[in-house]
Amino acid sequence: EREITRLRIKGKTAISDFSWASDFLEREQVPIKEVHVTEVPDDPNPSRASFIVSSPNIYGWTEIKAKMEQHLGDAVQFDTHLSALSLIGEGLNRDNSTLLEAITLLEQHGIPIAGVTTTSFRISLLVPRENIDESVRLCHGKWVAET
C-alpha cells in the first residue's frame with residue numbers, strides 16, 4: 001500500500017486515548033488496521049498504541065485528523081511518510097526464516113524498516129514511501145520471480 005498514515009499514541013493515558021480514538025474513528029467510518037497496544041509500567045511513557053489508516057481513501061481525513069489532534073494533543077503523532085509492503089502466503093510464518101530474509105534483504109539495500117507486523121499468512125513491513133517501489137521489486141525478485 002503506497003500511502004498510509006501510522007498513528008502513534010503515547011503516555012500514561014495511551015490506552016484510554018486509543019479507546020477514544022478507535023471509537024471516534026469508528027463513528028467517522030475510518031477503518032484501522034495493524035493495531036498494537038502495550039503497557040509497560042516501569043517506562044516513563046508506560047503505555048503506547050499504534051495503528052494504520054489508509055488515509056488517501058478516507059473522505060474528510062484532514063478534518064478527522066484535526067479533531068484527533070485537538071482531543072489528544074501531544075499524545076498523538078501522525079507518521080505520513082510510510083508505505084506498507086506485505087508478503088502473503090499460506091505457511092509463510094511457519095518459522096522465522098522468511099521474516100528474517102525480508103529484513104536482511106531490505107537492510108542490505110539500505111532500506112530502513114519502520115515497523116513489522118505478522119499473522120499466520122502475512123508479513124507486513126513499513127518502509128519509507130520513497131523506498132516502496134524498490135522494496136516491492138526486491139521482494140518480488142526474491143520470492144516470486146525465483147519460483
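Entry 1: I began with β2 and strand β3 (residues 47–53), which pair in the antiparallel sense over five bridges. Two strands count as paired if DSSP finds at least two bridges between them. I then looked for the bridge partner of Glu39 in β3, and found Ser47.

**Entry 2: ground rules.** I noted that this is a predicted model, where local features need pLDDT of at least 70, side-chain atom pairs count only at pLDDT 80 or more, and totals for chains, interfaces and linings use all residues. Residues are numbered from 1 along each chain as its sequence is written, and side-chain values use heavy atoms, with hydrogens and water left out. The pLDDT is the predictor's confidence in each residue, from 0 to 100. I read an average of 92 for the protein chain, with 98% of the residues scoring at least 70. Among the elements, β2 has the lowest mean (90) and helix α2 (residues 61–72) the highest (97).

**Entry 3: the inventory.** I counted four helices and six strands in the protein chain. These are DSSP runs numbered from the N terminus: helices are H or I with at least four residues, strands E with at least two. Along the sequence I read the pattern β-α-β-β-α-β-α-β-β-α. The C-alpha trace spans about 50 × 40 × 30 Å along its principal axes.

Entry 4: In what order do the six strands stand? I traced an open sheet, β2-β3-β1-β4-β6-β5, with antiparallel pairing. β2 (33–39) and β5 (115–118) are at the edges with a single partner strand each, so one side of each has no neighbour in the sheet. The twist averages 25° from one strand to the next. For angles, axes are lines fitted to C-alpha atoms (for helices, over the stretch in contact), and values run from 0 to 180 degrees between N-to-C directions.

**Entry 5: helices on the sheet.** I found helix α1 (residues 14–27) lying across β1 (4–10), β2 and β3, at about 25° to β3. Helix α4 (residues 132–144) lies across β4 (76–88) and β6 (122–128), at about 20° to β4. Contact here means heavy atoms within 4.5 Å.

**Entry 6: α1 against α2.** These two pack at an angle of about 155°, with their axes 11 Å apart. α1 and α2 are therefore roughly antiparallel; the cut-offs are under 35 degrees for roughly parallel, over 145 for roughly antiparallel, 65 to 115 for roughly perpendicular, and oblique for the rest. From α1, the contact uses Asp17, Trp20, Ala21, Phe24 and Leu25; from α2, Trp61, Ile64, Lys67, Met68, His71 and Leu72. I sorted the residues of this contact into eight nonpolar, one polar and two charged. Nonpolar covers Ala, Val, Leu, Ile, Met, Phe, Trp, Tyr, Cys and Pro; charged covers Asp, Glu, Lys and Arg; the others, Gly among them, are polar.

**Entry 7: α3 against α4.** The axes of helix α3 (residues 97–108) and α4 come within 10 Å and cross at roughly 135°. α3 and α4 are therefore oblique to each other. Thr98, Glu101, Ala102, Leu105 and Leu106 of α3 meet Ser135, Leu138, Cys139, Lys142 and Trp143 of α4. My tally for this contact is six nonpolar, two polar and two charged.
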